[in-house]
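Please have the sequence and the model open while I talk.

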Amino acid sequence: MASANRYLGLIDKYRAVLPVSDSTRLISIGEGNTPLIKLENIPALIGKNVDIYVKYEGLNPTGSFKDRGMTMAVTKAVEEGSKAIICASTGNTSASAAAYAARAGIKAFVLIPEGKIALGKLAQAMMHGAEIIQIKGNFDHGMQLVKEVAEHAPVTIVNSINPYRIQGQKTAAYEIAEALGKVPDYHCLPVGNAGNITAHWLGYTEMGKTSGEHPTMVGYQAAGAAPFLKGEMIDDPETVATAIRIGRPQSWDQAWGAQKESGGWFDLLSDEEILAAQKLLSEQEGIFCEPASAASVGGAIRDIKNGKIPEGSTIVCTLTGHGLKDPDTAISQCAVNPKAIDASLDAVKAAILDKL
Ligand SMILES: *Cc1c(COP(=O)(O)O)cnc(C)c1O
């Protein structure tokens with residue numbers, strides 16, 4: 001018998017609001033239950049009286065929030081007898097699909113854009129033994145191909161168009177409300193396919209059924225991949241934040257619904273602003289997230305400064321993925337080239353005194 005306080009993953013914890021039965025075999029590697037961390041130094045830096053929390057989803061088993069949806073999608077795929085899953089991915093979905101397929105003992109096929117996926121994510125998909133198919137195209141092309149091929153082969157799509165993904169991901173909203181003892185006033189997220197903003201809104205509206213309470217949902221995109229700002233799908237998305245390098249969001253209508261019903265908005269950040277926010281979080285708070293994730297904090301800071309988010313607000317920013325996913329982008333931002341010195345006490349002492 002499992003011990004009463006052993007954490008067995010988010011499906012076990014939230015089974016009352018998820019589509020599983022007592023006999024469902026749960027495919028879990030301990031996802032969810034991520035920390036909600038209050039920022040201490042950044043609010044003082046910007047000189048505003050706000051409570052900013054970050055939901056550090058980079059601490060999921062494969063380092064991104066995708067695990068929340070993947071545990072549900074793979075659990076249901078296995079329950080329905082599927083022997084293989086398939087996804088298109090900018091990286092994190094493929095890492096997560098590969099890991100959960102390995103755990104379940106089924107096959108994972110992942111379509112990734114050639115040369116546009118961060119090193120850590122590729123390493124994960126390879127280590128977990130996924131069948132990796134690199135395409136000479138972007139995520140949007142991959143997604144279209146996955147939809148077509150799934151009509152011709154016995155494979156289950158585990159992109160966020162799979163409704164179980166959204167179900168699993170909504171649990172983040174439940175965790176936040178539990179940790180705060182209330183729902184936040186504002187919830188800020190990076191937006192790519194818009195599955196995550198859709199899932200959070202689903203969680204908040206389920207919880208708020210009787211009280212009517214819900215946060216204002218704010219979605220931030222990269223300037224070169226901002227279909228929600230343009231008001232239409234775009235063809236050649238480009239950004240350093242590869243996780244949100246998407247021109248044709250799959251949850252288009254749902255995300256507009258979340259924005260309108262919550263009274264929220266979309267906005268965009270340049271790549272420079274995204275990287276600056278990533279560095280700020282790393283240097284000021286000790287929290288390392290990947291570039292796409294930092295769009296939530298960078299956007300929130302701007303909207304706090306310009307008064308769109310008023311003082312006195314409680315704000316949650318989702319940090320969707322871990323900084324270690326993309327070491328190349330991180331290192332290329334840091335102008336340090338640590339020079340080698342003699343391995344002597346004098347040389348090391350001089351190097352330290354030089355910096356104090
Ligand atoms: C998938 C992903 C996103 C975008 O989430 P959507 O649900 O596609 O909007 C943002 N950041 C990271 C790190 C991701 O992996």
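**A helix pair and a ligand site**

Helix H12, residues 271–285, packs against helix H13, residues 291–305, at an angle of about 90°, with the axes 7 Å apart. The two are therefore roughly perpendicular, a label for angles of 65 to 115 degrees. Axes here are lines fitted to C-alpha atoms over the stretch in contact, and angles run from 0 to 180 degrees between N-to-C directions. Helices are DSSP runs of H or I, at least four residues, numbered from the N terminus.

This is a predicted model, so local features need pLDDT of at least 70, side-chain atom pairs count only at pLDDT 80 or more, and totals for chains, interfaces and linings use all residues. Residues are numbered from 1 along each chain, and side-chain values use heavy atoms, without hydrogens or water.

Now the ligand. A polar side-chain atom of Lys66 lies 2.6 Å from a ligand oxygen. A polar backbone atom of Asn193 is 2.8 Å from a ligand oxygen.

Definitions and conventions: Angles under 35 degrees count as roughly parallel, over 145 as roughly antiparallel, 65 to 115 as roughly perpendicular and the rest as oblique. A polar contact is a pair of N or O atoms within 3.5 Å; within protein, one must be able to donate a hydrogen and the other to accept it, and residues adjacent in sequence count only if both atoms are side-chain atoms.
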